[in-house]
Amino acid sequence: MKIQERTGAGAGRSAAPAGPSVGERLPTPPRERKPALAALAVLLILVGALGATMLVLQAGDRIEVVKITEEIPAGQAVNDSNTTSVMVAEDPGINYVKWSQLDALKKLKAVTTIPGGVVAVGEMFGEEAKVPEGKALVGLSLKEGQYPAGLKSGATVAAYRVGGTSRSGSGDDADGGSAGSSGPSGGDSVIVDKAVVDYVQDAKGDDLVSSTNLPVTLLVDDAQAAALTQAATNGEVALVLVPGN
């Protein structure tokens, strides 16, 4: 009986699982090293630093150039009132006009109409303007009353023949106009129904002639140039603003 009790007790002890001793840690798998990823991270950091450096260098490499502030009609030149200076990033592929070259630029003409708000480049200017095919530039010298107040470049106008043989001196015309009136009326004939003011002299300009005549240049069709020139020579042209301005 005693032998059986000891055997039963021993069997009970051997059936219990043996737990880990206090203070021992479970083994962890070794970390896998990835040298390729580490090298890539370092490369990305270097590329980012290089890009930032290039941006800083480019931002610092700027030049002062000419900017057009007001529209310049074809055949006209820049001046102090229609230009300003602006800083831009230097680009060898763009023929910028440097601010230090402004005096030399004033001696050239706009080859075509230059809109305001653009940076000037050398290709915009030359010795003379380029007139569009089928068009002609006709110069006028108008007296007060032969042009609307506030006439500006780019305006759309109609040119009338006034005075001369085209008007009746009887004063019996439908509008009741009298001979010698400087404005167009029912008896006046239209020379050009639609022309663009390519240039008009600023009334405050330093180069305005001593007379009260206003120099104006119109861009018209070739077919209308001869009649307009003849009327302008006789001082028989008056301009009227038309819809489209």
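Because the model is predicted, local features need pLDDT of at least 70 and side-chain atom pairs count only at pLDDT 80 or more, whereas totals for chains, interfaces and linings use all residues. Residues are numbered from 1 along each chain as its sequence is written, and side-chain values use heavy atoms, with hydrogens and water left out.

The chain contains four helices and nine strands; these are DSSP runs numbered from the N terminus, with helices being H or I of at least four residues and strands E of at least two. Read from the N terminus, the order of elements is α-α-β-β-α-β-β-β-β-β-β-α-β. Of the 245 residues, 27% are buried, where buried means under 20% relative accessible area, exposed means over 50%, and partly exposed lies in between (1.4 Å probe, protein chains only). Among contacts (heavy atoms within 4.5 Å) between residues at least 6 apart in sequence, 68% join residues at least 24 apart. The chain exposes about 16400 Å², and carbon and sulfur atoms supply 56% of this area; accessible areas come from the Shrake-Rupley method with a 1.4 Å probe, and for residues only the protein chains shown count as cover.

Side chains of opposite charge can pair when their charged atoms come close. The whole structure holds four salt bridges, each defined as a side-chain nitrogen of Lys or Arg within 4 Å of a carboxyl oxygen of Asp or Glu. In one of them, lysine 106 pairs with aspartate 80, with the closest N and O atoms 2.7 Å apart. Lysine 106 lies in the loop between helix 3 (102-105) and strand 3 (109-110), and aspartate 80 in the loop between strand 1 (62-68) and strand 2 (83-89), so that the pair links distant parts of the chain, 26 residues apart. Lysine 106 is partly exposed, at 27% relative accessible area, while aspartate 80 is exposed at 57%.

Lysine 106 also forms a salt bridge with aspartate 103, at 3.9 Å between the closest N and O atoms. A further salt bridge joins glutamate 236 and arginine 161 (3.5 Å, N to O). Because glutamate 236 lies in the loop between helix 4 (222-233) and strand 9 (237-241) and arginine 161 in strand 6 (residues 156-161), this pair ties together parts 75 residues apart in sequence. Glutamate 236 and arginine 161 are both buried.

On the surface, Leu37, Leu40, Leu43, Leu44 and Val47 form a nonpolar patch with about 500 Å² of accessible area together. Leucine 37 belongs to helix 2 (residues 35-60) and is exposed, with a relative accessible area of 52%. Patches are made of residues with over 30% relative accessible area and no salt bridge, like charges being joined within 9 Å and nonpolar side chains (Val, Leu, Ile, Met, Phe, Trp, Tyr) within 5 Å.
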